[in-house]
Amino acid sequence: LSSQSSLSSSLNEIVLLELGNELGDYAAMLLAGFGADVIKLEPREGSPSRCVGPFAEGNAQRSIFFWRYNLNKKSAVVDTGHLSARPLLARMAAKADIVLLSGELETVEGQLELWRHLAEQNRSLIVCTITPFGLSGPYRALRSTDLTQMAMGGVMAVCGYDPDANLKYDTPPIAPAMWHAYHIAGEYAAIAITAAVNFRDLGGEGQFIDVSVHEAVNTCTEIAIPTYIYNGQVVLRQTARHAFPHVTQFRLSKSRDDVYMLASLSPFEREARAFAQLADQVGMEHVLNTPEYKQLEKEDSRAAYTYRNDLIEQLVARLPAQEAFEQAQALGLAWSPIRRPEDNLTDPHFNARHSFAQIHHPELGRDLLYPGTVASDGGQPHMNYTRRAPGLGEHTSQIIEWSGCTANEVEELRRLGVI
Amino acid sequence: MRQNENTRPWALAGVRIIDLTWLQVGPQATRILASFGAEVIRIEWRHPAAVDFLRYMAPFAPDHATPQGGRSQGAARSHGIRGNFDRGGYYNNTNPGKYGVTLNLNHPKGRDLLRRMVREANAMCENFSPGQMDKWKLGYDELRRLNPRLIYMQTTGVGKFGIYKNYVSYGPTAQAMSGLTFMSGLPEPYPPAGWGYSYLDHSPGYFGAMLMMAALHRQRQNGVGAYIDLSQTETGLMLTGTSLLEYQLTGQSTARYGNRMPYLDWSPHGAYRCRGEDNWIAISVQTDEQWRGLVQEIGSPPWALEERFADAAGRKANEDELDRQLTSCTVFLDRYELMMRLQARGIPAGVVQKAPDRFDHDPQLKARGYFVDLPQTEIGTWPVEGFPAKLSASPADAGGLTGRASPKLGEDNDYVYRQLFGLTADELSALKQEDVI
């Protein structure tokens, strides 16, 4: 397969101006992974996401959060709200392909008027906004955080721990992982923008894109909505398994080395056979292949299921997690240890696939590994990250020069405090 | 049959995609591509062992649902109709806007027909188990000889190469491996809560659409195809970056925080029980001013006025007690009333909405037209979930070119094979007789 196949430079003629906060960081970084030239226009105090922890070495100037979501980008400090900034922004808008605005409604609306005006001068400009609820609708001005978005979008209602025998919950719904509402919205924003780039290929016309975090989160609850729409039922959240209209059987096991293992069997006969073979391999006694067990499956499938689950638990307890993983997978069973994220850093599978990008941090004098791609062309990653997140204003001079400002204009902008 | 072809401007006008995907992870990508106007031809086979699991997975449309009716006839539980693969509600929500054909790839003539279709396509997507397409001699190396411009996207659990290349995975497997399952839940000794749905059946679909459109953009510019080996697990790794960096810098193992915010001084920050059965509200207090507003809204109880809760540091240090006390107040309150009262004071608060709340109540989703009614030929008109962004010039439309929800199994055989690929009626009839289509 030729290296030309990699898509990591597929957007390399695209220039994206990014203004905003953590709602937009991820979307712009995804596009930077495909080669887009992403320029963050930041206020003098920096983008809000520079203040989000954790911080490297306890240094509040070194946000790990900011580092993660701003790879490959450039940073220019520009007071975009300053009236005298308009000619500079007009020059930038004339050269840019995409403007991404993110944040609370009032902030984005405050910026949008200007960019609408500038888009009239550059008809191929794509202007995308990411706001908590979108630019229209009765909730558009509600205050939100990632947590409240996960709540309103329906994800929390399907994530958490089992109810008791009376289907009452003594634990709260859970927002899985952190910043996930913004992950979902970021992925959708990147999709919408690439769609708009494709549309522009057809006739050269840009457009406005209004991304709603609320709607993005709503797309991610699988059977919850269809189950209600078609059957009038509400799904129940359950420990480490899908929300479902009734409680399904618990399926977390612990390995010999005390790692939780996701190990279960689907209803398919081939999996039952594979599991019997695995049990034989580790020397466990079982009756899975006997006529008595087949009869039990026919007469009392729940009892048969419980028997199999007990066996799974016993089997996993006999093996270290990685061994259970490898042996089960060798037989076609989709089992996995519940790994901590860092367990993958040294996994040779991901190293072979270049799943992590090695990024140099001069301020630390060392390299760090970042998740760097989701796909490969068979040899090279389809997304390519090579540069750490920019320091505040690190590229201001370069960006001003790119905009085409004359030396006198630059001097004037400095005098006025615009840059 | 191309009901919507000329009714609006489509971002992916003129793009044809051969869709061999199934379950959720593959069809999610082609669902998005169809909503931007790609001609997505969903290929399935009717043998019971080959039919998409989602076609016979609950929820099913109620037994009383008719082609002329649908949701307007009311919701009701159903176990489906034996032997009928066209009544699945989840399948319907996952596959709108696509054409549906049957094709037997175990038959040599079936494989020949697929090759013929690939010659005239921009792209092909599949998410079979690793190696299946190669067994049929339909892998990328074979197909690109027929069509050098082809974009071939293959989605697997851990990727097509690497030491786990033959490993099998569902969304939950990939989530467990990626670290996402571990990260979700209350702090130890609670076990991981994991995810109540497979985000890694969704996210590879999102990335699949993104990758495909990046590849189509390049194909339009210079005619180059692409091979895309998309890994479910890697889409999960992408979301673990902050934890990975923290580990590398501090050696500190990843921990779970429940609903709390360990990285900013936001407190209270969690889900609090409200009046009614399993009713909750999420509240995120970001400033001391918001805290004082919250205290007033819950009636300024004596505990809330204690000095230890007056500032963010104090609230963080006493978060367990804070959460207990706050719940003792919210448990008597109506969740939506409380949400709107807090919002009026500028405090981020949101009801933990369940499906009925979102579908029946949420005025924002209604106003934005998030749910889209689409007809399906067997079960009538039902809502499907829409695209979460509004594009002014080339809007997404879940109904795509077909203007329809999901296809019945083989519903578009005549249209696709005869009108799009030029087979004659006699050829089609012969292929039917030979169990090829």
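Q: Are B:Glu44 and B:Arg42 buried or exposed?
A: Both residues are buried in this predicted model.

Q: What do their side chains do there?
A: The side chains of B:Arg42 and B:Glu44 meet in a salt bridge, with N to O at 3.9 Å.

Q: Which residues are linked with them in a network of salt bridges?
A: The network holds B:Arg42, B:Glu44, B:Asp52, B:Arg55 and B:Asp86.

Q: How many salt bridges are there over all chains?
A: A search of the whole structure gives 54.

Q: Which residue does B:Glu434 pair with?
A: B:Glu434 forms a salt bridge with B:Lys109, and the closest N and O atoms are 2.8 Å apart. The pair links distant parts of the chain, 325 residues apart. B:Glu434 sits in the segment after helix H18 (425-433) of chain B, and B:Lys109 in helix H3 (residues 108-119) of chain B.

Q: What about B:Arg341 and B:Glu297?
A: Their side chains meet in a salt bridge, 2.7 Å from N to O.

Q: Where is B:Arg335?
A: B:Arg335 is in helix H14 of chain B. With a relative accessibility of 11%, B:Arg335 counts as buried.

Q: What does B:Arg335 touch?
A: Setting aside residues up to four places away in sequence, B:Arg335 touches B:Cys274, B:Asn279, B:Trp280, B:Ile281, B:Val351, B:Val352, B:Lys354 and B:Asp357.

Q: Back up to chain B as a whole. How many helices and strands?
A: Chain B has 18 helices and 12 strands. Its C-alpha atoms fill a box of roughly 85 × 55 × 45 Å along the principal axes. Of its 437 residues, 65% count as buried.

Q: And the contacts in chain B, how many join residues at least 24 apart?
A: Counting contacts between residues at least 6 apart in sequence, 72% join residues at least 24 apart.

Q: Now the interface. How many residues of chain A are in contact with chain B?
A: 156 residues of chain A are in contact with 162 residues of chain B. The two chains bury about 13,400 Å² between them, 65% of it on carbon and sulfur atoms.

Q: How many salt bridges and polar contacts cross the interface?
A: There are 7 salt bridges between chain A and chain B, and 79 residue pairs in polar contact, with both residues at pLDDT 80 or more. On the side of chain A that touches chain B, H6(A) gives the most, with 15 residues. By class, that side has 85 nonpolar, 47 polar and 24 charged residues.

Q: Which residues touch the most other members of the largest nonpolar core?
A: A:Trp67, A:Ile191, A:Ile209, B:Phe36 and B:Ile228 do, in a core of 128 residues. The largest share of this core, 14 residues, comes from helix H6 (residues 180-203) of chain A. A second, separate core has 35 residues, including B:Trp10 and B:Tyr140.

Q: What is A:Ile209 in contact with?
A: Leaving out neighbours within four places in sequence, its contacts include A:Ile126, A:Ala192 and A:Ala196, along with B:Ala389, B:Lys390 and B:Leu391 from chain B.

Q: What is the phi of B:Lys137?
A: B:Lys137 has a positive phi of about 60 degrees, although it is not a glycine. B:Lys137 lies in the loop between helix H4 (132-135) and helix H5 (140-146) of chain B, and counts as exposed at 54% relative accessibility.

Terms used:
Residues are numbered from 1 along each chain as its sequence is written. Chains are lettered from A and ligands numbered from 1 in the order in which they are written. This is a predicted model: local features need pLDDT of at least 70, side-chain atom pairs count only at pLDDT 80 or more; totals for chains, interfaces and linings use all residues. Side-chain values use heavy atoms; hydrogens and water are left out. A nonpolar core is a set of buried Ala, Val, Leu, Ile, Met, Phe, Trp, Tyr and Cys residues joined through side-chain atoms within 4.5 Å. Buried means under 20% relative accessible area, exposed over 50%, partly exposed in between (1.4 Å probe, protein chains only). Helices (H or I, at least four residues) and strands (E, at least two) are DSSP runs, numbered from the N terminus. Contact means heavy atoms within 4.5 Å. Buried area is the accessible area (1.4 Å probe) that two parts lose on being put together, summed over both. A salt bridge is a side-chain nitrogen of Lys or Arg within 4 Å of a carboxyl oxygen of Asp or Glu. A polar contact is a pair of N or O atoms within 3.5 Å; within protein, one must be able to donate a hydrogen and the other to accept it, and residues adjacent in sequence count only if both atoms are side-chain atoms. Ala, Val, Leu, Ile, Met, Phe, Trp, Tyr, Cys and Pro count as nonpolar, Asp, Glu, Lys and Arg as charged, and the others, Gly among them, as polar.
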